Amino acid sequence: MEFTAPDIDWAALLPLIIVFVGGLLGVAVEGFAGRAHRHMVQVPLTVATLVLALAAVVLVARDSQGITAAGAVANDGPALLLQGLILSLAVIGVLVMSERFGGQSADAFTQAGVSVPGSAEESLATRLGATTTEVYPLTLFSVGGMMLFGMANDLILMFIALEILSLPLYILTGLARRRRLLSQEASLKYFLLGAFSSAFFLFGATLIYGFAGSMRFDVIAEAVRTGVGMDGLLVPGILLVGVGLLFKIGAVPFHAWTPDVYQGAPTPVTGFMAACTKVAAFGAILRVFYVAVEPARLEWQPILAVVAALSMIVGAVMSVRQSDIKRILAYSSIAHAGFILVGLLALESAGISGTLFYLAAYGFMTIPAFALVTLVRSSGSEATHVSQWSGLARRAPWVAAGFSFLMLAFAGIPLTSGFTGKFAVFSAAVAGGGAWLVVIGVLASAVTAYVYFRVIVTMYFGESHGDTVVITPSAMTTFAIVTGVVVTLGLGVMPSPLLELTQQASQFLR
Amino acid sequence: MTDFPWLTLLLLVPLAGAAVVALLPRGFARVREVALGFSLLTLVLGLMTALQFRLDSGEQFQLTETYSWIPQFGVSYALGVDGIALAMILLGVVLVPICLVAAWDDVPVGDGRRQHTYFALMLALEAMMIGVFAATDVFLFYVFFEAMLIPVYFLIGSFGGPQRAKAATSFLLYSLLGGLIMLVAVIALYLQGPGGTDGFLVESLTGIQMDATTERFLFIGFFIAFAIKAPMWPVHTWLPQTASEARPATSVLLVGVLDKVGTFGMIRFCLQLFPEASQWATPVVMTLAVASILFGAVLAIGQRDMLRLIAYTSISHFGFIVLGIFALTTVSQTGATLYMVNHGFTTAALFLIAAMLIQRRGSRDIADFGGWQRVTPLIAGSLLVAGLSGLALPGLNSFVSEFMVIIGTFQTYPVFAVIGATGVILAALYILLWYQRVATGPAAPELVTATPDMSLREKVVVAPLMVAFLVLGFYPKPALDLLEPAVQTTLQHVGVSDPVPTDAAAEGSDE
């Protein structure tokens, strides 16, 4: 058999190539630049890479839509929009990560990730001025994987993208400067459960391959439509692939890692991960369920509906009991995953555009929310217990106002992006016959609103907490927070342009 | 001048006022004057807007402005008023300056930016309430309906009494829950309607065909939200708690104006958009209304806390309003809408005069008072007048509206009218017992000499309210002329005609 190299549309892959080359350059910087300079080199390099890739998405890749690389990569409207979204979110995510608060290296990351916490090596490394600037290339690789995840039109490529995006995140999770044991525990949990879920995905992929005789989505869709007599493999295959994907968005019952990882990871990483991973994973879910196995919707739609309902209920109810801000945000992310799934289940273009809009809204409120969490300190480390935020509004009115506004957006109050997003997915769902899910959704929203407003009550109406201080961020973090808040407000007041864009981009190439 | 965006301007002036007040430099001494200036400017604009309104216009909405806002969702920025909406907006713009004067000393000057925040929130609230009554797009209405919770929440939670955090949260969650249930109905309503880029306009959604079950579910979705807002028994529990913890000026705006969104919504949305379901639900709604009248009145008699007493009287009065709305006659509904205006003034007077007493005595407990007609004769006298207005004494404002509600209801539902009328007797009990305990009897001599009577500022607060009582009591015709066409339009949408000639409304008011 003769091997013919597939045609590859390099222009469509240009953004990806830029990101990966940027990541490799970052690795080279680690090798050649001195410790003292790495931070100063890596941050501009990373941001420039992301901005350049964003420009490539808008200026180059947009004009070369189509399915390329032997049908493995689909460069279509949803893929482009997801890439643009991931890159924009990654820019502000990286700006938050690079916050130094006047120190020598990024404040959130340990100076010696390999050393045992509290050991002599650790203090030696600290004394010698070690840095963990490898977080920047790791982030870039992860971003590259996320971008590929939403474009993959082939189960094997999707699996590779899943691993590329996940492995750097496992490492990033374990690199917190403070509470290192908690961070490492989170990293290990994330890795083990993530490895399991990857294995499920792979197993499901092989079953689907056994059914359809191909990993490519168009072939799978055709096989499902015509029926090939191996139906026993299809549904288990879909479900197992689904497990792998639903794990990434933290949907119930695959959510157990979310609170621990969100709490243990360095806070800027949590923000980046919560926003960007969710965008990428929902992109992949959309493509698998709308392109590959859409003809078998009667088989999987009820199951996903139950997952959506459980995510909303469990996320909302469990968040009531939380007393740690990061865990509250973690459970809220589970509930939000449920809300987005409700829109996705509408199974029409309104569902796709609603989902994409919600992802944008959620991403731009999550990163600034976590960025604000990094500013509130108590005896040197982050004060994440809700009681430590008591009376914050008097001491830091802007931080409290910003966080409250984001809480309103999380709760879905009108004139914030959260409301527009909820309206988009809920109206798609009602139109698609999912009114019962929407009723669960609004009841869950009411429960989560209680949680968010409890945080606001604590900040505004509580008595001041003794040793909590709010530190002043650098211009870059401030920029990230302000951008997020402005986008959150903008998408609430004037959502038309983005809605227009998501509607135009809601056609998958098959 | 008809194309001039009066309503948008009316919305923007208090909003701009809120922004200006919030951004005034720390330590600026004249924050309150600036806020009052903006509210008076809004009042003038409101009156000018009212002059543009034509009573003989055939259109349902006047002064309309329609711009596409979110075409993807079918949402327009559409404002317009009918007589009822205009009356509510006027009530709001009149009460806000009064409340600002009443709240003059609520927050001390020297406490950082707290005073800025307090007055900015009041102005923001004014903008929201103009918006909610002027919106003629269901989505836009919903946006204002939910967004106005936020300033109220902070007004209660940041500036209220000791239990403020709990009161604010319970107020917010109750309202939010109702609102979210309504959201499902709002979405489903759009899908029932013609859709398109302006599918949320009230015009587009009026008179659409849908099957009876869907219509009933949608009616229930809207009605629950409005019943919580109004509030009606049995979803009223947030109100006494909120009213007793909030500052009286906040309570006035909340109970006097914002809660009218509930009854206003019943007329504008429940009746107009779901006429068949409204008739289907009438017996249940009337029962709840009568229950609210009696329950509110009986509990008001038993209250020891003045502010809670006023809150319960409001629940009773809202029962009358809902009774009049759902009796579906021109007389009862005109009476109910007039009652919405009258209740605004009466409640404002009761809350603000009670606040004067509470501030002087340092207690909300009625038992701590006694003989205050000798201590502060002016305040006690005004309390009596406001109370008599509350119990609907002939010659004062509430009498006209309460009488119209009862005779209008009697035309179609005599039993409900008779039971509801006993609420009038109970009203006399709770008002007169309250006055008796506060104002009559022996007074502590040290209080008589040490307690100042009404100050000039307080007279400025009370005087316009007294004028409103008398004007609306003796000459309600202009108000009735404003309200009646809107009521008739609504009843046409519902498809009912009066059992007696509609002239009865004019006769009933001219006695």
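With 18 C-beta neighbours inside 10 Å, A:Leu415 counts as partly exposed, because a residue needs 20 or more such neighbours to be called buried and 12 or fewer to be called exposed. The model is a predicted one.

B:Leu63 is not a glycine either, yet it takes a positive phi of about 55 degrees. Here the setting is a strand, β1 of chain B. Is B:Leu63 buried or exposed? It has 25 C-beta neighbours inside 10 Å, so it counts as buried.

Now for chain A as a whole. It holds 20 helices and five strands. Its C-alpha atoms fill a box of roughly 70 × 55 × 40 Å along the principal axes. The radius of gyration is 22 Å, which agrees with the value near 24 Å that a compact globule of 510 residues would have. Buried residues account for 62% of the 510 residues in the chain. As for contacts between residues at least 6 apart in sequence, 80% of them in chain A join residues at least 24 apart.

Three strands of chain A come together in an open sheet, in the order β4-β3-β5, with antiparallel pairing. The edges are taken by β4 (381–382) and β5 (468–470) of chain A, each of which pairs on one side only. Strand β3 of chain A, residues 376–378, is joined to β5(A) by three bridges in the antiparallel sense. One pair to look for on the structure is A:Val376 with its bridge partner A:Val470 in β5(A). In general, strands of a sheet pair through backbone hydrogen bonds, either parallel or antiparallel.

The two chains touch each other. On the chain A side, 26 residues are in contact with 25 residues of chain B. Three helices of chain A, α17 (417–431), α18 (435–461) and α20 (496–504), each supply at least two residues to that side. Which helix gives the largest share of the side of chain A that touches chain B? That is α18(A), with twelve residues.

Strand β1 (residues 62–70) and strand β2 (residues 75–81) of chain B pair in the antiparallel sense over six bridges. B:Gln62 has B:Val81 in β2(B) as its bridge partner. Four residues lie between the two strands of this hairpin, and B:Gly74 takes a positive phi near 80 degrees there.

Next come two helices of chain B, α3 (residues 83–102) and α4 (residues 114–134). They pack at an angle of about 170 degrees, with their axes 9 Å apart. That angle makes α3(B) roughly antiparallel to α4(B), because angles over 145 degrees count as such. From α3(B), the contact takes in B:Ala85, B:Met88, B:Ile89, B:Gly92, B:Val96, B:Cys99 and B:Leu100. Across from them, α4(B) brings B:Phe119, B:Met122, B:Glu126, B:Met129, B:Ile130, B:Phe133 and B:Ala134. By class, the residues of this contact come to twelve nonpolar, one polar and one charged.

Two cis peptide bonds turn up in chain B as well. The bond from B:Ala230 to B:Pro231 is cis, with omega near -15 degrees, and B:Pro231 is placed in the loop between α9 (212–229) and α10 (238–245) of chain B. B:Trp233 and B:Pro234 are also joined by a cis peptide bond, with omega about 5 degrees. B:Pro234 is likewise found in the loop between α9 and α10 of chain B.

Finally, there is B:Ala443, in the loop between α19 (414–439) and α20 (445–450) of chain B. It is partly exposed, with 18 other C-beta atoms within 10 Å. Neighbours within four places in sequence aside, B:Ala443 is in contact with B:Gly370, B:Gly371, B:Trp372, B:Arg374, B:Val375 and B:Val448. By contrast, B:Thr412, which is 31 residues away along the chain, has its C-alpha atom 50 Å from that of B:Ala443.

How values were computed
Residues are numbered from 1 along each chain as its sequence is written. Chains are lettered from A and ligands numbered from 1 in the order in which they are written. This is a predicted model: local features need pLDDT of at least 70, side-chain atom pairs count only at pLDDT 80 or more; totals for chains, interfaces and linings use all residues. Two strands pair if DSSP finds at least two bridges between them. The radius of gyration is taken over C-alpha atoms; the globule rule is 2.2 Å times the number of residues to the power 0.38. Two residues are in contact if their C-beta atoms, placed from the backbone, lie within 7 Å. Axes are lines fitted to C-alpha atoms, for helices over the stretch in contact, and angles run from 0 to 180 degrees between N-to-C directions. Angles under 35 degrees count as roughly parallel, over 145 as roughly antiparallel, 65 to 115 as roughly perpendicular and the rest as oblique. Ala, Val, Leu, Ile, Met, Phe, Trp, Tyr, Cys and Pro count as nonpolar, Asp, Glu, Lys and Arg as charged, and the others, Gly among them, as polar.
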